[in-house]
Every structure is written in structure tokens, then in C-alpha cells.
Amino acid sequence: MAQAPTILRPEDMARLANYRFAVRMMAEGWLSGHHRAKGRGSSSDFLEYRAYAPGDDPRLIDWRVFARTDRLQLKTFEHETHLECHLFVDSSASMGFREQGPVSKLEYASHFAACIAWLVVRGNDRVSLQLFDEQVRHYLPPGSTTAHLNRCLSLLEHNTPGAKTDLPQALEQARGFVQRPGTLVIVSDFLCDPASLQAALNPYLHRGCKVVLVQVLDAGELSLGGQGLARFVDMETGERVVCNPDDLNRAYTEAMRARRRQLHAMAASRGMIYLTARTDESFYPLFDALAR
């Protein structure tokens, strides 16, 4: 018998249960999104009667009303239709970086994604999961059962850094997996060209998807610390550079700020949400930010 995932501890679920805003977010279209629609279903609420018209489903005729009034009247219902939350978790080599945080960027991102999946399924919505580096490595189609949630949590719990990052290519590959409009939650360090990222997201936006970008960084990536010569190794290419961090810190720090500003501006211009997270800080404020 497979062991149950442990990526979410009891204290995590107890704290997540207090986030009542999740239902409101879904109603507004975030995370997964509900909308009200007229239709027919076992969980539907009665809305109103209307006159029968040729072509209507005769199963919706209220024959008791017909017996009393000799008029064909249809029952209409209002019910919730469930959209989907599509989780994209960057599992490239760069996400394995850890310097100042208690966990790596990948561990942080996986834990955060597990919380999102739990919230969505708890709200009776559907969640899909895609782990990617330069391509989609693992894909779970949308589901809302406890068994499906456990599969998502298990994949996230055993998530490991993979190859080089190519988020735009992974998004292009994944377009065929996203069959219905919903919300994309992309958790990544976004070490890619913002213009290429926007081009890859445009088809999702045109199809009516909402997009949340969550950038996960280690505090050690925000500035270069240390004194004297240091050797830096690219985690994805293996390229090595020896330099004095003090000579580069100012330019590096400004370049990082400029990249984050660029991502924020790109997201704002297309109606996307952009959030930043540091691995040495709790991710629960991200939920508070989404609620606001």
C-alpha cells in the first residue's frame, strides 16, 4: 500500500482551513473560479419557470403545473459550474539553489503548490499539475477527488531539480493540456526573458485564462555578499566565473531589481497577478495578498 504524502503537515492543513477567502477568490475567478449558469443538475437550485418553446428539453417540463394550468412551463435551475486551476511548478536545475533560506527554491515552490492544490480540491474544484524544466516532465490532468489530490501531493513531495529552464517552451507544450479556461498559477524563479514569457502566455490569456505569477527567490540571489574572490557556478550550464562580489554587487543588485520591475510591469499590463516570495520567509502572506 502506497504511503500517504507528508508534504502537508496537520498544522499546515489547520492553518489553511482558516483561509475562508479561498471560496470568495474562486467566486471572483481566481484560483479556479466559479460562475453561475442556467442548466440542469442534481445539485442545482431552482431559479424560475418559463414558457416552453420548440426545441426545449421536454424533461424540464413541470407536468404538475401543466395539469393545473394547461400550460407547458419549464423549470430552470441555477447551479455552479467548476472551472480549473492549472499549477505549473518550475523544477529546473536553478530551482535547486539554496544559500540563505531554510529550504531550496524547489522545496519552497513545491510546498506552496501543495497548499494551493489542497485549497482548490477542498473547495470542490479541479486542479491540474505540471512539473517542468525545459519541457513538461510530469503532468496530472484536472481532478477534484482525494485520490487525485494525493497524487498531486506525492509528485510535489518527491519533486527534484531537473534540466535547464525553458519556461516559454514548457508553456507552449502545455497548451494542449489546458482544455478549458481557468487560472494558471506559475511558480518559478522566472530566470527567462520577460518578452518571451509574455509571448508564451498570450494564447492562454486570449482563451480567457487568468494568470498568477509567483516568483520564488533565495535571499542570496537578491545581492552578492562576501569579501574577496569568489567562484560562481551556473547550476544549469556548469559555467564558472571567478570575481570579487564587492566589485559587482551594485550592478548586480540593480539588474535584479530591474528584472523584477520588468516582470511586474509585464504582468500588470496584461491583467495578471505578480507576487514575489523569499525562501527565508513564510509563504502564507502570499495567500493574504491574493485575498486582497
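## Cysteines and disulfides

Searching the whole structure for disulfides, each defined as a pair of cysteine sulfur atoms within 2.5 Å, gives a count of zero. Cys-85 is accordingly in no disulfide, and the nearest cysteine sulfur, which belongs to Cys-152, is 9.8 Å away. Cys-85 has a relative accessible area of 0% and is therefore buried, where buried means under 20% relative accessible area, exposed means over 50%, and partly exposed is in between, with a 1.4 Å probe and protein chains only. Cys-192 counts as buried too, at 12% relative accessibility.

The model is predicted, so local features need pLDDT of at least 70 and side-chain atom pairs count only at pLDDT 80 or more, while totals for chains, interfaces and linings use all residues. Residues are numbered from 1 along each chain as its sequence is written, and side-chain values use heavy atoms, with hydrogens and water left out.

## The chain as a whole

The protein chain has nine helices and eleven strands, these being DSSP runs numbered from the N terminus, with helices (H or I) of at least four residues and strands (E) of at least two. Of its 292 residues, 45% count as buried. Contact means heavy atoms within 4.5 Å, and among the contacts in the protein chain with a separation of 6 or more, 74% come from residues 24 or more positions apart.

## Aromatic rings

A pair of aromatic rings is described by two quantities, the distance of the centres and the angle of the planes. Rings of Phe, Tyr and Trp (its six-membered ring) pair if their centres lie within 6.5 Å, and planes under 30 degrees apart count as stacked, over 60 as edge-to-face and the rest as tilted. By this rule there are eight aromatic pairs. The rings of Phe-112 and Phe-287 form a stacked pair, because their centres are 5.4 Å apart and their planes stand at 25 degrees. Since Phe-112 lies in helix α4 (residues 105–122) and Phe-287 in helix α9 (residues 284–291), this pair ties together parts that are 175 residues apart in sequence. Phe-112 is buried at 2% relative accessibility, and Phe-287 is buried with a relative accessible area of 1%.

The rings of Tyr-284 and Phe-287, by contrast, have centres 5.9 Å apart and planes at 55 degrees, so this pair is tilted. Tyr-284 and Phe-287 are three residues apart in helix α9, which means that about one helical turn separates them. Tyr-284 and Phe-287 also belong to one aromatic cluster together with Tyr-108, Phe-112 and Phe-283.

The expected span of a helix is 1.5 Å times one less than its number of residues. Helix α7 (residues 194–206) has 13 residues and should therefore span 18 Å, which agrees with the 18 Å between its end C-alpha atoms.

At 46% relative accessibility, Gly-208 counts as partly exposed. Apart from its neighbours within four places in sequence, Gly-208 is in contact with Pro-181 and Gly-182. The C-alpha atoms of Gly-208 and Gly-182 are separated by 7.4 Å, although the two residues are 26 residues apart along the chain.

## Helix α8

Helix α8 has 25 residues and reaches 35 Å from its first C-alpha to its last, close to the expected 36 Å. This helix bends by about 30 degrees at Ala-251. Among its buried residues are Thr-253, Met-256 and Leu-263, and its buried residues pack against elements including α7, β8 and β11 (273–278). After α8 comes Gly-271, whose phi is positive, near 75 degrees.

Technical notes. The bend at a residue is the angle between axes fitted to the seven residues ending there and the seven starting there.
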